[in-house]
Protein chains: 4
Amino acid sequence: MKRKIQMGMIGGGPGSMIGAVHRIAARLDGKIDLACGCFSTDPAKSRLTAAELSLPEDRCYEDYLQMLEAEKGRIDCVAIVTPNHQHFPMAMQALNHGLHVICDKPMTLTVDEARQLRGRVRETGLVFCLTHNYTGYPMVKQARAMVRQGRLGEIRKVVVEYPQGWLASAIESSNKQASWRTDPKRAGVSCCMGDIGSHAENLAEYVTGLKIRELCADLHSFVPGRTLDDDGSVLLRFDNGARGVLMASQISVGEENALRIRVYGTQGALEWCQENPETLQYRRNDQPLTVYRRGWAGTLPEAERFCRIPAGHPEGFLEAFANIYSSFADAAAGHADADFPSVDDGLRGMAFIEAVVKSAADDQTKWLPVAEL
Amino acid sequence: MKRKIQMGMIGGGPGSMIGAVHRIAARLDGKIDLACGCFSTDPAKSRLTAAELSLPEDRCYEDYLQMLEAEKGRIDCVAIVTPNHQHFPMAMQALNHGLHVICDKPMTLTVDEARQLRGRVRETGLVFCLTHNYTGYPMVKQARAMVRQGRLGEIRKVVVEYPQGWLASAIESSNKQASWRTDPKRAGVSCCMGDIGSHAENLAEYVTGLKIRELCADLHSFVPGRTLDDDGSVLLRFDNGARGVLMASQISVGEENALRIRVYGTQGALEWCQENPETLQYRRNDQPLTVYRRGWAGTLPEAERFCRIPAGHPEGFLEAFANIYSSFADAAAGHADADFPSVDDGLRGMAFIEAVVKSAADDQTKWLPVAEL
Amino acid sequence: MKRKIQMGMIGGGPGSMIGAVHRIAARLDGKIDLACGCFSTDPAKSRLTAAELSLPEDRCYEDYLQMLEAEKGRIDCVAIVTPNHQHFPMAMQALNHGLHVICDKPMTLTVDEARQLRGRVRETGLVFCLTHNYTGYPMVKQARAMVRQGRLGEIRKVVVEYPQGWLASAIESSNKQASWRTDPKRAGVSCCMGDIGSHAENLAEYVTGLKIRELCADLHSFVPGRTLDDDGSVLLRFDNGARGVLMASQISVGEENALRIRVYGTQGALEWCQENPETLQYRRNDQPLTVYRRGWAGTLPEAERFCRIPAGHPEGFLEAFANIYSSFADAAAGHADADFPSVDDGLRGMAFIEAVVKSAADDQTKWLPVAEL
Amino acid sequence: MKRKIQMGMIGGGPGSMIGAVHRIAARLDGKIDLACGCFSTDPAKSRLTAAELSLPEDRCYEDYLQMLEAEKGRIDCVAIVTPNHQHFPMAMQALNHGLHVICDKPMTLTVDEARQLRGRVRETGLVFCLTHNYTGYPMVKQARAMVRQGRLGEIRKVVVEYPQGWLASAIESSNKQASWRTDPKRAGVSCCMGDIGSHAENLAEYVTGLKIRELCADLHSFVPGRTLDDDGSVLLRFDNGARGVLMASQISVGEENALRIRVYGTQGALEWCQENPETLQYRRNDQPLTVYRRGWAGTLPEAERFCRIPAGHPEGFLEAFANIYSSFADAAAGHADADFPSVDDGLRGMAFIEAVVKSAADDQTKWLPVAEL
């Protein structure tokens, strides 16, 4: 009988969207048991969530440090699903208690914190996973595998965009999700670029295997009274000489969650859209358009291993998220061949966010390097 | 602390696609614990599956009757995920043991069995759910709600189609899924119409609220050596005078799982495709095309209650399947407001299958009634 | 200096949609001059149209026979764009005056007339073209060429549909186009099947190279007060044993002009939709989806010769219609390699319409042959 | 009898793609006669084209100045369809001969030439039309009309992109179209931005009614040996404070002609793609997605007047181009209400191209103004 990974959760109380997502993702493949949680700093709220989750009362905590102490030897890992500013201290503490960590993004508030966290992960040898969940989609893995196979030739151009519309008006006064994301104390130096721009950056580097070397950014805060950016566009130059554009926006009215990437090489090009995630378009000048569909003929092993059901039976956001959890659970169980975003991705993301914010604030310097790490 | 529904599973051993689907669906919302199982008539295989599922050995059975006896008082329900011919006896036994039942479709092999099963369900007052999972999609529920609101006017025309290509060649010699579906002993009187045509029929009646009154069918078995139908088309006449066409095919090469319905009324029309399930198109002559998206503005409460995550974060097949399980769990827990396919839907499906097969065999009679039940 | 074909037009006066379409199509490639016309039986209206078209007054006629006489030796051909009931007498007279004919569909009111017309065309050796314009699309020609190349294997299933919504209410009282189409005296035995069902039939036989051998039809007139059909569905059996479904509807609310065909063979399948005419989808079980785009890599010579501009510069309905005219002009100028719908297609269409109407009227007989001709 | 506008053509000999397009566009609506031409500087080639076009020999010229002299009083206008460097002198000469001018873009080689040309147009009072043909699409006009109606609120973000793939390799050695476009002497200071970036700029300013105030550009020449840019991305700031991105590329392998614009305002957003030109998507946060279709309900009069055929009968590139010609012909015939790109658009385009090229060459200055004109 296979032993399930025992997990504690920090954050994810009533009204948390991402907490519920993490729990479904953890549950979906039956590799992980949610064993305990500190869901809210408000004890009543924490207990309410625990009860709904059929957790016994004595495994519901008011304080995450208390939980880390009390659950020693009983849990293998923690999931951190709080606002951004708490990721760093909580992750450090969890590592210090010998626990594997799966943490929401962005990883920390600063590059400096990110470097410290990476150091601690390396020292402990524990598993650290950052939920850049969009790389969990099988057709994103297909895209990366095709790039690696040389099906695109040398990459010349990358266009990655992430338009949303939900912050087009000042909903932060009444919407919990909006409230902390637009608050510099809890979100950090950026709203839009930190929250979703970093997903776009991670997706671009994951698929292409390239690194953004320098960038030129324009950020703006359109909604009156908002101090952090709610829209931004960035010119990119990659380490191989490829050029690119990254756009992220939360004021693109009417857009849901339209993360999209296009990669053009000398021989072929790929396009993937998160809202239609089962499809990967492959374009060439000398062949008709080829459309790969998850699970259908042409699916590569790198993608196939993350498919649960046959082609035409749509898998979506939760399954992609569960792929991250599943790989994390495998790694926590000692399996070598895991494929999930690491602490290095997290540090990379923080370097990107800082470079973008700095570039946007500087109307004189055109090109700004993304810090070598 | 909320008590979870305790479930046993019959079928779903190594190589079963639908067994894995049922387990994920049961797991996804955290309302159900898979507590025991008789996964295969081969004890080794059953144990293998149990071990993979982290079930203790003493809750793994070689014989489903033995399980029903041994688990008395410990489980609330069973999931039946075997080939068609076993649905009826197993469901009857489970009911006789006082258990709620969630069962794959088609419900039985014959209308007569279906009538008996309905009688037993009514006598016992137990919950019986048939996994016509496609009605679990939020945008299918949105479609039904819009029809009920009169947004289409009087319905005139229904086109429902379910093309697949996977049985275009004689793969039954080596493919387990294909093997029993093309075998009259295990599948019943029909392959294509029983397996997927019945989904199309269920979807059409669910969305429109109409009943097929009479039909005219053409079935065919294209692959040499196959005795059951692998393709069929049916002209439909509904009880309100609406006309329609139902197509189901497993030899439509290159098609994945392209269930699609279009409903045209006097005032408006709806279109929904399972491969793009987050979208519902609403057409009118005097307005521009309106496209409803799951979770976005315009989503009705009947659909909203089955959404887990915001618009633009694709939910898919497994979430729709989980919606059926979630409603079943609610009903098993005594909640009144459940929305899932019932034993009546199952009986209706068997009447449809029998009428189609009879019509197809009769080259003289044009219109054949679907039996009043 | 290349001589242009000189053409007269019968019909197409003020308010005629199809007359304007024919004129644009004739004009587009610069092979044809509209030299004279009898645009309306109302002399004032005829003159009005002539003036708008920059035609001299003395080449505008009140009576088509008068025009045929007066223009002898000056024109090469006539275009007939009147309501259906006039096609036959006008085409016969034009042939009798030694003129090539390009005529709107359906060709005649009856199979008998169609047979007579075919006889006359054969006797005269003149060019007769029927504007089944949808076969003028390059990607339809691509589809036919791929079928002929064996890229689909043996054809098993054909689904062709033509939904429109414009006749969903009784607009015939005020709309000129609707008025004659719903009038048995001018439209013939069918409205929907004659007007658009015949396009679907022609498209199916053109692409597949197969003939419909027998059929089983259900026609209906949904709008109160209407005597001819406004909706219909037909089960098809082809001469090679393939099965199919043909649907045509003018009460499919919200649909524009959604002619669509899907052809499934043993090895591959094709799908083409008129509203997205530059794209042809090619599906196989063992390869990813291939999407041919007009003018891009993979376009076959049979399609290429009907392309004017590069891929990605959309050609549409008028260009497809002009392809028919261009081929007709080439044939009229004596070129051998023309590709356009002939008098045989017209006769075939009439046989189809008559069989459908007869089948629909007969609730006893299931399968009705399409007359051998 | 309506008099047709008499037109001469300069350029457009054998192998010219755009010459053929102009001729079809001029022909399509029957308002213009191509009366004479100087199709090539090679007399034999010019005669060949004239013969194919059924033009009499004495109206075919070897020299455009000779044509302008000889045709005095016989023609009303000229179409200039040569490589870029000849637009300016030819247009000036045509104006000097009292002729209206319709000219391909970009208008000139420099801003200075563009200013001179604008001056001459103003002095003569003649009609000058620049074929920024993409604004001829009805749904582009619909977009502009919706912006003007305030349906988007205040505009915040504009994303316009124009990816093509045809210049991804060094085809200029053998392809005539590629040859002059990549040659600084004939194309001017830019290949990609001049050829297609200027279309994108024109489209963005046409639809939004805004002006680009400043920009920050990155241009690159990817193909070895090429001196002019074949790819570029530009950050935009508009005069109302809106931000934007403009991308143009000719090395985006596999892309056909995918011009696309998205405009986001405070209240709503629009999206239009040239490869699917009959559709305009309108997004809002508080309503479901609305999809306008050319000719269907919701089409505004500003678009309706440029529709020839009903919705669902696709109009495309040639019809949009013909809309420019039709408006030009109306203006040349003295009608006031024309809607076509003017000499001001041409000057604006040159200012944009110069600013982009200057910005790209300057790695220090981040924001560069687009010259006030």
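**Strands, domains and chain contacts in a predicted model**

Visitor: Which residue of E9(B) stands opposite B:Val234?

Guide: Seven bridges join E8(B) to strand E9 (residues 243–249) of chain B, and the two run antiparallel. Strands (E, at least two residues) and helices (H or I, at least four) are DSSP runs numbered from the N terminus, and two strands pair if DSSP finds at least two bridges between them. In E9(B), the residue opposite B:Val234 is B:Leu246.

Visitor: Which residue of E8(B) is the bridge partner of B:Asp218?

Guide: The model is predicted: local features need pLDDT of at least 70 and side-chain atom pairs count only at pLDDT 80 or more, whereas totals for chains, interfaces and linings use all residues. Residues are numbered from 1 along each chain as its sequence is written, while chains are lettered from A and ligands numbered from 1 in the order in which they are written. Strand E7 (residues 212–220) of chain B pairs with E8(B) in the antiparallel sense over eight bridges. Within E8(B), the bridge partner of B:Asp218 is B:Ser233.

Visitor: How many residues of strand E8 of chain B are buried?

Guide: A residue is buried if 20 or more other C-beta atoms lie within 10 Å of its own, exposed if 12 or fewer, and partly exposed in between, with C-beta atoms placed from the backbone. Strand E8 (residues 231–238) of chain B is mostly covered. Of its eight residues, the number buried is seven.

Visitor: Which residue in the turn between E8(B) and E9(B) has a positive phi?

Guide: E8(B) and E9(B) form a hairpin, with four residues between them. A positive phi of about 100 degrees is found in the turn at B:Gly241.

Visitor: What is the order of the strands in the open sheet of chain C?

Guide: Strands of a sheet pair through backbone hydrogen bonds, either parallel or antiparallel. In chain C, five strands make an open sheet with parallel pairing, in the order E2-E1-E3-E4-E5.

Visitor: Why is one side of strand E2 and of strand E5 of chain C left without a neighbour in the sheet?

Guide: In the order E2-E1-E3-E4-E5 of this open sheet of chain C, strand E2 (32–38) and strand E5 (128–130) stand at the edges. One side of each is left without a neighbour because each has a single partner strand.

Visitor: At about what angle does H1(C) run to E2(C)?

Guide: Axes are lines fitted to C-alpha atoms, for helices over the stretch in contact, and angles run from 0 to 180 degrees between N-to-C directions. H1(C) lies across E1, E2 and E3 of chain C. Its angle to E2(C) is about 150 degrees.

Visitor: Which element supplies the largest share of the side of chain C that touches chain D?

Guide: Between these chains, 34 residues of chain C are in contact with 34 residues of chain D, contact meaning that the C-beta atoms of two residues, placed from the backbone, lie within 7 Å. Helix H1 (17–28), helix H2 (43–52) and helix H11 (317–332) of chain C each supply at least two residues of this side. The largest share is four residues, and it comes from H1(C).

Visitor: How many charged residues has the side of chain A that touches chain D?

Guide: Here 35 residues of chain A are in contact with 35 residues of chain D. E9(A) gives the most to this side of chain A, with four residues. Ala, Val, Leu, Ile, Met, Phe, Trp, Tyr, Cys and Pro count as nonpolar, Asp, Glu, Lys and Arg as charged, and the others, Gly among them, as polar. By these classes the side has twelve nonpolar and 13 polar residues, and the number of charged residues is ten.

Visitor: Which residue of chain A comes closest to the rotation axis?

Guide: Chain A is superposed on chain D by a rotation of 180 degrees with 0.0 Å of shift along the axis (RMSD 0.0 Å), and that is the relation of a two-fold axis. The superposition is by least squares on the C-alpha atoms of residues with pLDDT of at least 70 in both copies. Since 100% of the interface residues of chain A are also interface residues in chain D, the copies meet through the same surface. With its C-alpha at 2.3 Å, the residue of chain A closest to the axis is A:Lys366.

Visitor: How far apart do the C-alpha centres of domain 1 and domain 2 of chain A lie?

Guide: Chain A is assigned domain 1 (5–133) and domain 2 (138–311 + 348–361), bounds that come from an automatic or database domain assignment. Between them, 14 residues of domain 1 are in contact with 16 residues of domain 2. The distance between the C-alpha centres of the two domains is 26 Å.
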